[in-house]
Amino acid sequence: MLVEDSVPFRKLLRSLIEESGAAEVVSEVGSVAAAHFLLHVNPVEALVLDLHLWDGDGCAVLAEVKRTHPACVVMVLTGSSTPEHRDHCLRLGADHFFDKTRDLARIPEVLAGLGQLPSELAMPPVPMSPPLPGYGEAAPVAFDARSHS
């Protein structure tokens with residue numbers, strides 16, 4: 001799963017990951033709220049997480065995913081890679097801490113090193129609604145599998 005609020009940068013990350021052959025990205029969001037929702041309905045084994053999102057701090061997502069799914073490999077990606085940010089994220093359970101300006105190539109390397117594609121890739125993605133006005137991301141919508149049987 002990709003959690004990044006910049007749509008152009010999220011597209012860049014998606015291309016980088018998929019063109020490397022390391023994984024196929026099937027889940028991506030641009031907000032803390034959407035990340036919490038998707039992680040609740042579709043747990044993942046790997047997560048690329050921006051720290052500074054338009055609706056809050058990515059550390060809240062990091063703490064929640066490590067509390068509920070401790071085996072999930074979390075790669076924090078930020079343009080604010082201070083030693084304090086790094087230490088804080090590692091204390092919260094981040095497996096990797098990457099700087100957006102110099103470490104992008106390491107993301108596909110980590111994904112390839114997992115030995116298998118994340119389990120989220122075998123699961124159908126959560127249906128998404130049209131983009132939210134002004135935010136450029138799809139919003140999660142309720143889905144009742146019973147109505148589709």
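The model is predicted, so local features were considered only at pLDDT of at least 70 and side-chain atom pairs only at pLDDT 80 or more, whereas totals for chains, interfaces and linings use all residues. Residues are numbered from 1 along each chain as its sequence is written, and side-chain values use heavy atoms, with hydrogens and water left out.

The protein contains five helices and nine strands, where helices (H or I, at least four residues) and strands (E, at least two) are DSSP runs numbered from the N terminus. Read from the N terminus on, the elements follow the order β-α-β-α-β-β-β-α-β-α-β-α-β-β. Of the 149 residues in the protein, 41% are buried; buried means under 20% relative accessible area, exposed means over 50%, and partly exposed lies in between (1.4 Å probe, protein chains only). Among contacts (heavy atoms within 4.5 Å) between residues at least 6 apart in sequence, 62% join residues at least 24 apart.

Strand β6 (73-78) has six of its six residues buried, so it is largely enclosed by the rest of the structure. In a regular strand the side chains alternate between the two faces of the sheet. In β6, V73, M75 and L77 lie on one side and V74, V76 and T78 on the other, and both faces are covered. Strands are taken to pair if DSSP finds at least two bridges between them. By this criterion β6 runs parallel to β3, to which five bridges join it, with V48 standing opposite M75. Four bridges join β6 to the parallel strand β7 (residues 96-99), where F97 stands opposite V76. Together, β6, α4 and β7 form a right-handed β-α-β unit, a crossover being right-handed if, with the strands pointing away from the viewer, the path from the first strand over the helix to the second runs clockwise.

In helix α3 (residues 58-68), the buried residues are G58, C59, V61, L62, V65 and K66. They cover an arc of only 155° around the axis, which puts them on the same side of α3; the arc is that of the directions from the helix axis to the C-beta atoms. An α-helix has 3.6 residues a turn, so residues three or four places apart point the same way. The elements that cover the buried residues of α3 include α2 (32-41), β6 (73-78) and α4 (83-92). At the start of α3, a side-chain oxygen of D57 comes to within 2.9 Å of the backbone nitrogen of C59.

The N-terminal end of α2 is capped by S31, a side-chain oxygen of which lies 3.1 Å from the backbone nitrogen of A34.

The structure holds zero disulfides, a disulfide being a pair of cysteine sulfur atoms within 2.5 Å. The sulfur of C59 is 4.1 Å from the closest cysteine sulfur, in C89, and this is too far for a bond. C59 counts as buried at 9% relative accessibility, and C89 is buried with a relative accessible area of 0%.

Key: Polar contact = N/O pair within 3.5 Å; in protein donor to acceptor, adjacent residues only side chain to side chain.
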